[in-house]
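Please look over this structure before reading my notes. Keep the sequence and the 3D view open side by side.

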Amino acid sequence: MQKLINYYLLSAILTLLSYSANATVEFDTAWRMNVQELNASNSRIFDEKDTTFWFTALDVSTEFNGIRVAATANWMTMAGVSELDVDVSEAYYDLMLGDWFASVGKKKLDWDVGYGFRPLDMFSPTDSLAVYTAVPPGTWMAVGDYFTETGSVSLLCNETVPDYLEKGAKVAASFGCGGRYYRYFENFEAQAVAHYDEKLGARVGGSAVTVIGDSMEIHGSLLWQQRHRMPVFDPHTLQSDSFLPSVQTQWRRGSLQALMGINYSLRFGVTLIAEYWYDGRAPSNGQWRNLIAAADGNIESHQLRVMRGHFATQNLFRNNLMLHLRTTSSTVWQPALTWVVNPNDNSMLIDGKLCYSGFKHNSLCGGIRQYAGDNEAIYKQLSFGRTWYFSTELKF
């Protein structure tokens, strides 16, 4: 169904392209490439070998008479397997309904204020800490915004595509309606969000941002969710004649996602972002201890493959602490360093990156990511322990 929708939307883009020959329609085009050299870890759950991952994409977007359309054609290959995909990330129409600014169609909507994790990116979440971060496609919605002198009110009905995997694929979208109230004060802004989804139930939350002096910003956001999916490991299935898989997705009630952070501008054009976040949808530390202990035992390969379902959630563990350093000056060389740790088992992610922006329409980035910790750490169970990467983007 989704491929059929993309086909019709691409037909609309081609119609706009042909129309643009006789009208003033401008297109923004960008070509992206990302190459990763992946070094396998010693994980028993993911028995991988060293490999290379290639990703290339062509992005095309345009805006014309209130219509915005954006599409991506991408090709990726890894371990001898290639895949070509075409996706329409946005296709919506802006219009005025009295004093309301309305949009109808497929659109990316993100209300959060965090960096490493964004609880209020509720409808098609972005993985901010991925080696190569690309904003995911939007979701179908009808949204209206009413602006006042000090803020705005938003009402919407829309799809939600959770960042949760079942059998290696994202779960199906669900539908709901809700709203947002945003208010700006002097040196302070806040918002409240409420949404009801047919599968996820009620979601209620908010965020706040304040500026202290000339160099510090404090931000926080939280979201309570009535229902959520969670992978649950049952070690008893490994020791019985049961045909049930050892990891199954179960629906749970009540979860909290919360983030608190600071953004501090240091001397010499350097910015420090420090954040702590909690994600109650992730498996508990006790669940992880049981799974890792079982994986180290004498079990068969097909049972280890089933255990991969435990890595289905947006955050692998509940408690996360992040430090991020980057330059904010206008120099062409822009280094960045990210460190994430799980306080419960000292799993660590260390990512160093250096970008060059000396070209007018082209950027280059290279870096290395290392997962660290002892053999029982959660990050050490991932497929690849070290990744060298290079990415470039060329805008036409």
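1. **Ground rules.** This is a predicted model, where local features need pLDDT of at least 70, side-chain atom pairs count only at pLDDT 80 or more, and totals for chains, interfaces and linings use all residues. Residues are numbered from 1 along each chain as its sequence is written, and side-chain values use heavy atoms, with hydrogens and water left out.

2. **Fold and overall size.** The protein chain has three helices and 20 strands. These are DSSP runs numbered from the N terminus: helices are H or I, at least four residues, and strands are E, at least two. The radius of gyration is 22 Å, close to the 21 Å from the globule rule for 396 residues, so the chain is as compact as a globular protein of that length. That radius is taken over C-alpha atoms, and the rule is 2.2 Å times the number of residues to the power 0.38. Along its principal axes, the C-alpha trace spans about 70 × 55 × 40 Å.

3. Of the 396 residues, 43% count as buried (under 20% relative accessible area, 1.4 Å probe, protein chains only). Take contacts (heavy atoms within 4.5 Å) between residues at least 6 apart in sequence: 54% join residues at least 24 apart.

4. **The cavity.** How many cavities of 30 Å³ or more does a search of the whole structure find? It finds one. A cavity is a set of points, on a 1 Å grid over the protein atoms alone, where a 1.4 Å probe fits but cannot get out; lining residues have an atom within 4 Å of a point.

5. The cavity is lined by 20 residues; P162, D163, Q225, R281 and Q314 lie nearest its centre. Strand β13 (residues 216–233) gives the most, with four residues. By class, the lining has eight nonpolar, six polar and six charged residues. Ala, Val, Leu, Ile, Met, Phe, Trp, Tyr, Cys and Pro count as nonpolar, Asp, Glu, Lys and Arg as charged, and the others, Gly among them, as polar.

6. **A pocket.** A pocket is an open set with protein on both sides within 12 Å along at least five of seven lines. Of its 28 lining residues, Y115, V131, K353, C355 and C365 are closest to its centre. Strand β17 supplies the largest share, five residues. The lining divides into 12 nonpolar, 10 polar and six charged residues.

Methods: Points joined across faces, edges and corners; volume = space filled by probe spheres on them. Buried < 20%, exposed > 50% of the residue type's maximum accessible area, 1.4 Å probe, protein only.
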